[in-house]
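This report walks through one protein chain.

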Amino acid sequence: MSVTPNYTWDHVHIRTPNVEATAQWFADMLGAEIVRAPGRVNIKLGGAMIFLAPVTPDMGVNPPPVTPYQGLDHFGLSVTDIDAVAASLKAKGVEFTKEPFTLNPGVRICFIRAPQGVSIELLERNEKYQ
């Protein structure tokens with residue numbers, strides 16, 4: 001008899017040459033909570049942890065990819081009133097790679113770019129979008 005494991009999200013991991021600036025971007029732009037521990041700076045966003053790992057030039061880490069690309073393409077955050085959220089983010093200077101649009105009935109989305117080229121989808125599921 002096989003056992004089906006129970007998977008739950010633990011964290012997302014972002015490598016960055018400036019941990020403090022990346023943490024501050026997520027706090028300022030998306031309201032993330034900066035969580036400090038000895039030798040670590042993480043952020044908590046939407047109930048999930050995002051680990052920030054420092055990158056130094058001697059590590060041989062590749063530059064951020066340009067979307068779209070194969071592999072993990074983006075992560076998504078659900079919001080309420082996506083158009084108001086988008087307007088607020090634009091006022092803060094956030095870069096949009098796709099403006100808000102109705103993907104299919106009941107789903108409106110947009111994409112923003114975070115530090116290191118991280119792509120974030122914002123989406124609202126609401127029957128008002130037809």
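What percentage of the 130 residues in the protein chain is made up of buried residues? The share is 35%.

## Model and confidence

The model is predicted. Mean pLDDT for the protein chain is 91. A value of 70 or more is reached by 99% of the residues.

Confidence can also be read by element. Helix α1, residues 19-30, has the highest mean pLDDT, at 97. Strand β1, residues 11-16, has the lowest, at 91. Where pLDDT is low, predicted coordinates should not be read in detail.

## Fold and dimensions

The protein chain has 2 helices and 8 strands. Their order along the sequence is β-α-β-β-β-β-α-β-β-β. The C-alpha trace spans about 55 × 50 × 30 Å along its principal axes.

Contacts give another view of the chain. Take those between residues at least 6 apart in sequence. Of these, 50% join residues at least 24 apart.

## Surface and charge

The protein chain exposes about 8500 Å². Carbon and sulfur atoms supply 55% of that area.

The chain carries 11 positive and 13 negative charges.

## Salt bridges

Side chains of opposite charge can pair when their charged atoms come close. The count here is 4 salt bridges.

Glu20 has 40% relative accessibility and counts as partly exposed. Arg36 is exposed, with a relative accessible area of 52%.

## Helix α2 to strand β7

Arg108 forms a salt bridge with Asp83. Their closest N and O atoms are 3.1 Å apart. Which elements does the pair tie together? Arg108 belongs to strand β7 (residues 107-113) and Asp83 to helix α2 (residues 82-91), so the link joins parts 25 residues apart in sequence.

Is Arg108 buried or exposed? Arg108 counts as buried, because its relative accessibility is 16% and the cut-off for buried is under 20%. Asp83, at 33% relative accessibility, counts as partly exposed.

## Strand β6 to strand β7

Glu95 and Arg113 form another salt bridge, with the closest N and O atoms 3.2 Å apart. This pair links distant parts of the chain. Glu95 is in strand β6 (residues 95-104), and Arg113 is in strand β7. The two residues are 18 apart. Glu95 counts as partly exposed at 40% relative accessibility. Arg113 also counts as partly exposed, at 27%.

Strand β6 also holds Asn104. Asn104 is partly exposed, with a relative accessible area of 36%. How far apart in space are Asn104 and Gln130, C-alpha to C-alpha? The distance is 7.3 Å, although the two residues are 26 apart in sequence.

Conventions. Residues are numbered from 1 along each chain as its sequence is written. This is a predicted model: local features need pLDDT of at least 70, side-chain atom pairs count only at pLDDT 80 or more; totals for chains, interfaces and linings use all residues. Side-chain values use heavy atoms; hydrogens and water are left out. pLDDT is the predictor's confidence in each residue, from 0 to 100. Helices (H or I, at least four residues) and strands (E, at least two) are DSSP runs, numbered from the N terminus. Buried means under 20% relative accessible area, exposed over 50%, partly exposed in between (1.4 Å probe, protein chains only). Contact means heavy atoms within 4.5 Å. Accessible areas come from the Shrake-Rupley method with a 1.4 Å probe; for residues, only the protein chains shown count as cover. Lys and Arg count as positive and Asp and Glu as negative; His and the chain ends are not counted. The place of a charge is taken as NZ of Lys, CZ of Arg, CG of Asp or CD of Glu. A salt bridge is a side-chain nitrogen of Lys or Arg within 4 Å of a carboxyl oxygen of Asp or Glu.
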